[in-house]
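This report sets out the computed features of a single protein chain.

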Amino acid sequence: MADAALNTGRPLLRVDGPLKVTGGAKYAAEYDAPDLVHGVIVPSSIARGRIVSVDTRAAQAFPGVLKIFTHENRPWGAHFSVFFKDPMGPPGKPFRPLLDGQVHFSGQPVALIVAESFEAARDAAALVRVSYHTEAHKTDLEKEAVHAYTPPKTRLGVPPTPKPTGDADRAFASSPVKVEATYRTSPENHHPMELFASTVVWGADKTITVYDKTQSPKSVQIYLKAAFLLFGRRVRVVSPYVGGAFGLGLRPQQSVFLAMLAAKALKRSVRVVIPRDQMYTLGYRANAIQTVSLGADEDGHLHALKQEAIAATSQYEDAQDPMLFFSGLLYGCENVKLAYKLAKLDTISPCDMRAPGAATGMFALESAMDELAYATGRDPLDLRLENYIDYDQMEHRKMSSKALRDCYTQGADKFGWSARTAAPRSMRDGRDLIGWGMATGIWDAALSPLPARATVTLTADNRLEVTTSVTDIGTGTYTILSQLAADAMQFPMDRVTTRLGDSSLPYNPTQGGSWTASTAGSAVQAACEKLKDKLLKHSHRTDQASLTSDPSVEFVTLLNVAGKARMEATATITNLPFGKKFTSATHSAVFVEVRIDEELGAIRVTRVVSAIAAGRILNPLTAQSQIRGAAIMAIGKALHEDAASDHNLGRCMAHSFADYHIPSNADVFDLEVIFVKELDTEVSPIGTKGLGEIGSVAVAPAIANAVFHATGYRVRELPITIDRLLPGLPL
Ligand code: MOS
């Protein structure tokens, strides 16, 4: 009998790799249709006010232009905003493009030009003249922070900020050592390689096929049906390949809304692509101002932990993420007080972005912990070990697993942390100041908040097919689901096919939250078990162990005996929110080396060691890529990415990668990944805890801490650009 774990746990290459590198994998904007027309968005140039008039005459006369949609002539869809709700949307009224003449943010679509070619639509868009009644806008979080409020309603899937424990104010006041500081993080934009795009194919037979860039074809399908009252039609949303998505694709985007609006009105196929320059006004990681207060003994033992965050949101929604949710989980402390607040700005709603909230909240907390290490003369790693806890002190529950201690020791060992000299500016190599910093990371480990299904089908030609509607956004979902099915059915990998990213497949809501491997994987495994039972029943056998020869062959024989060409089984995985006995999280310890040219102030992150505890690792190769990619994103957060607004204009100053900097190959050096052994039987039936986000959380604070170690100068604002570091350099 074949080894039960022949494929899982092995570093197998991506099953979708060949298609991707040969151009065989098609993306949303690559699908064609007969008589396809192209829509281009005209964005608003003001951040707040009202449209007085839209002069479309010159654009309308442009050769190839078919139709120009504005708020004045747009077709009616559903009336009430409740029909535009999507499962991942925050409380509030979702933005509805072209609804009326109100302008809520700069870059808001004010017209859609539809033309026979993309070029015609683009050129005509430049001829549209919009006049506005402009109102004063507010885009500066520094100014609006005084109006911060606690969000009255929480968002589905986002755990509420824990209630205070003990008396943190008093404990802080009486602590012998106090660290209190305010940290700022800039907004960041999403820039996956693939632009947001939709190709809506209008079928004559009441079928509408939507090729969309999304993390959730199911959400988009439900949204489109409700928003456009398409209940009499078959709407199928297809996204088999997604060229990167880090949270912006959790919600239906303007591209799919506008493409459907035009397609329905014109009764023909329409494509809308959001060009790179418009990605700067399509959602952002909320910028935040956070104050952390740590009170401790002289030896660094914590007595008080306070953290307040004020994060940006739009005027129309209370965007939320778990910014402070994890802050009470890492270190033993009897007095914890967390306050998560929002401040309204005249911007589009902030959106999720890899490790939403945690990456921001942990930057502040882990910077403050580093400050406490220096204030108490403790090594930053020793300080964390001093305050280590292995239970959830906020909810008084056990952790389902927590191998963070192993992350600390194995990461430190690999990095060579013990060779670090404590004093800032004490390590140097020629002109380079060397800094070694570390930080702790934590992220949710859970199943999807919505139930998910998967189907496994055995066919008489001795093949196995796995289907579920969720997308693979580059995470390796195709590969790990094939691995799991192959092992569960004891099939060779090359006879397993996984189909994903299609709303017509079994319901599985959203790729995100680091829950997809656990959710979809558990559903696939359960479906395989069901299928095996079904097959054995047909052969009047009860025991799987009675299979002696090659099971894959024997299953097909059973299929033939039963006189069937195919047999399938579907399983549903649910995540009940109540009655949980455990708190679950993934953890990381990240160690970083920076080299800073003392004369130029240029910072290079020359080494990163990420030690990760995330339960069972299904595929070390795709898993490692997740952690490396996340680390690179975090280098961007720490050193480069700043979607700063020009507050006079109320809009993001960047329009291209010339002025919005992200890490390039030259900015990326050694990225080492360690997966520590961790057994978890609570998070998911398959033992996984999720990997997409944890790789990102601790890297930015570790870099910031390394910059302090290198220079002795604490930059409390991300990104750490040269201008912010300058006061710390002896020029
Ligand atoms: Mo993730 S921010 O759930 O794509």
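**Overall chain**

The structure is a predicted model. Its protein chain contains 17 helices and 31 strands. With a radius of gyration of 27 Å, close to the 27 Å that the globule rule gives for 731 residues, the chain is as compact as a globular protein of that length. The C-alpha trace spans about 75 × 75 × 50 Å along its principal axes. Of the 731 residues, 62% are buried. Among contacts between residues at least 6 apart in sequence, 82% join residues at least 24 apart.

Strand 18 (residues 397-399) pairs with strand 25 in the parallel sense over 2 bridges, and Met 399 has Thr 583 of strand 25 as its bridge partner.

Elsewhere, strand 12 (residues 270-273) pairs in the parallel sense with strand 1 (residues 37-43) over 3 bridges. Strand 12 is also joined by 4 bridges to strand 9 (residues 197-202), and these two run antiparallel. Within strand 12, Val 272 is the bridge partner of Gly 39, while Arg 271 is the bridge partner of Thr 199.

Helix 13 covers residues 551-561, and its buried residues are Pro 551, Ser 552, Glu 554, Phe 555, Val 556, Leu 558 and Leu 559. An α-helix has 3.6 residues a turn, so residues three or four places apart point the same way. The cover over the buried residues of helix 13 includes strand 21 (452-459), helix 11 (477-489), helix 12 (516-538) and strand 24 (566-573). Just after helix 13, Gly 563 takes a positive phi of about 70°.

**The setting of Ala 706**

Ala 706 belongs to helix 16 (residues 699-711). Its relative accessibility is 0%, so Ala 706 counts as buried. Leaving aside residues up to four places away in sequence, Ala 706 touches Gly 435, Trp 436, Gly 437, Val 592 and Val 594. The C-alpha atoms of Ala 706 and Trp 436 are separated by 4.5 Å, although the two residues are 270 apart along the chain.

**Backbone features in loops**

Most residues other than glycine have a negative phi, and most peptide bonds are trans.

| Residue | Phi | Loop | Relative accessibility |
|---|---|---|---|
| Lys 206 | about 65° | between strand 9 and strand 10 (207-212) | 48% |
| Ala 355 | about 55° | between strand 16 (335-344) and helix 8 (358-376) | 0% |

Lys 206 therefore counts as partly exposed at 48% relative accessibility, whereas Ala 355 counts as buried at 0%.

Which residues does a cis peptide bond join? The bond lies between Leu 718 and Pro 719, with omega at about 0°. Pro 719 is placed in the loop between strand 31 (717-718) and helix 17 (722-725).

Conventions
Residues numbered from 1 in each chain as written. Predicted model: local features only at pLDDT ≥ 70, side-chain atom pairs only at ≥ 80, totals over all residues. Heavy atoms only, no water. Buried < 20%, exposed > 50% of the residue type's maximum accessible area, 1.4 Å probe, protein only. Contact = heavy atoms within 4.5 Å. Rg over C-alpha atoms; globule rule 2.2 N^0.38 Å. Pairing = 2+ DSSP bridges.
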